[in-house]
Amino acid sequence: AVAAKMAALGGGGARWRRAWLPGLQLLRRGSKAVTRHWKAMSFQRQKLLAVTEYVPPRPAVPPRCLPRPTGQGREEDGHARVLRRQVEETLRSSRMVAVCQYNSVPAEEAVTLRHYLRKHGIHVKFVLNEVVRPVLARSKYRNLLPLFVCRNVLLVSPETRAREMLRVLKRVPQVNLLGACIDDTILSRQGVENFARLPPLEVSQGQTVAALSLLSSQTSSLLQRGPAHLTALLDEHIRRLREAAGPTEPAPGQSTGNQ
């Protein structure tokens, strides 16, 4: 019927055929059909997988016991290099280097602490452990490395001001003295306190000279005691011999009585 109608239309059939669309179109929408569903693994298979699971061997040395990488391949930071050079110069020009544990201190007390220490020629240096530890490892202060485990501060001075340093630190309990190196000698806190009780250098030198002079004078007196005692004994012996012999000749200036 459609063909007959199209034949009857004649030449207009071509235009209708170009504009005709089917009245019903079938489109497939939605997801595909699910052909597999999740299924719990059997207990026997779970045990088999657990038994056959690969377990890597344990290392002979635990990783935490291995040395840390030195980081030689990394380029050294320029700022850290400058800080290390400053620490080296400070240690080189100081006769007293004290290591203290620095806890939380109010800003006013910190300023007061630095002021009183500076009055005695003691300077406060805040350093990072990452900066100061490599410097100490290559210097004569390497035995101070165990003290740098927390936030530390250095008290340095070109003179040995242990007594003044302890007097100032007594007022600030937040800064605890851990140890020090005075005149190339490493001391603990008790050692620093004992060093502070010593008299000044001039007094010690005077006492040493007096002790040496006393020893020399005692030695001289001991050496002279024997000859002096022998001389006294001989004089006494001669006097007794003269008394025993009596006067045999008249004394000069005396007459015999016949004149």
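**Around the largest cavity**

A: A cavity is a set of points on a 1 Å grid over the protein atoms alone where a 1.4 Å probe fits but cannot get out, and a lining residue has an atom within 4 Å of a point. This is a predicted model, where local features need pLDDT of at least 70 and side-chain atom pairs pLDDT 80 or more, while totals for chains, interfaces and linings use all residues. Residues are numbered from 1 along each chain as its sequence is written, and side-chain values use heavy atoms, leaving out hydrogens and water.

Helix 5 gives the most, with three. (Helices, H or I with at least four residues, and strands, E with at least two, are DSSP runs numbered from the N terminus.) By class, this lining has eight nonpolar residues, no polar ones and one charged. Here Ala, Val, Leu, Ile, Met, Phe, Trp, Tyr, Cys and Pro count as nonpolar, Asp, Glu, Lys and Arg as charged, and the others, Gly among them, as polar.

How much space is that? The largest cavity has a volume of about 40 Å³, and the structure holds two cavities of 30 Å³ or more. (A volume is the space filled by probe spheres set on the points, which are joined across faces, edges and corners.)

The second largest cavity comes to about 30 Å³. Around it sit Leu91, Val97, Val99, Val132, Leu136, Leu144, Phe148 and Leu154. Strand 1 and helix 6 (129-137) each supply at least two residues of that lining. The class count for the second largest cavity is eight nonpolar, no polar and no charged residues.

Five strands form an open, antiparallel sheet in the order 2-3-1-4-5; two strands pair if DSSP finds at least two bridges between them. Strand 2 (123-126) and strand 5 (185-188) each have a single partner strand, so one side of each edge strand has no neighbour in the sheet. Further in, strand 1 (residues 96-102) and strand 4 (residues 175-182) pair over seven bridges. In that pairing, Gln101 stands opposite Asn176 in strand 4.

Over strand 4 and strand 5 lies helix 8 (residues 189-196), running at about 105 degrees to strand 5. (Angles run from 0 to 180 degrees between N-to-C directions, with axes fitted to C-alpha atoms, for helices over the stretch in contact.) Helix 8 also crosses helix 7 (residues 162-169) at roughly 120 degrees, with the two axes coming within 8 Å. In this crossing, Ala162, Arg163, Met165 and Leu166 of helix 7 meet Val192, Glu193, Phe195 and Ala196 of helix 8, contact meaning heavy atoms within 4.5 Å. That contact has six nonpolar, no polar and two charged residues.

Finally, the second largest pocket holds about 360 Å³ of space. (A pocket is an open set with protein on both sides within 12 Å along at least five of seven lines.) Of its 15 lining residues, the closest to its centre are Thr160, Phe195, Pro199, Pro200 and Leu201. Helix 7 gives the most to this lining, with three residues. By class, the pocket lining has seven nonpolar, two polar and six charged residues.
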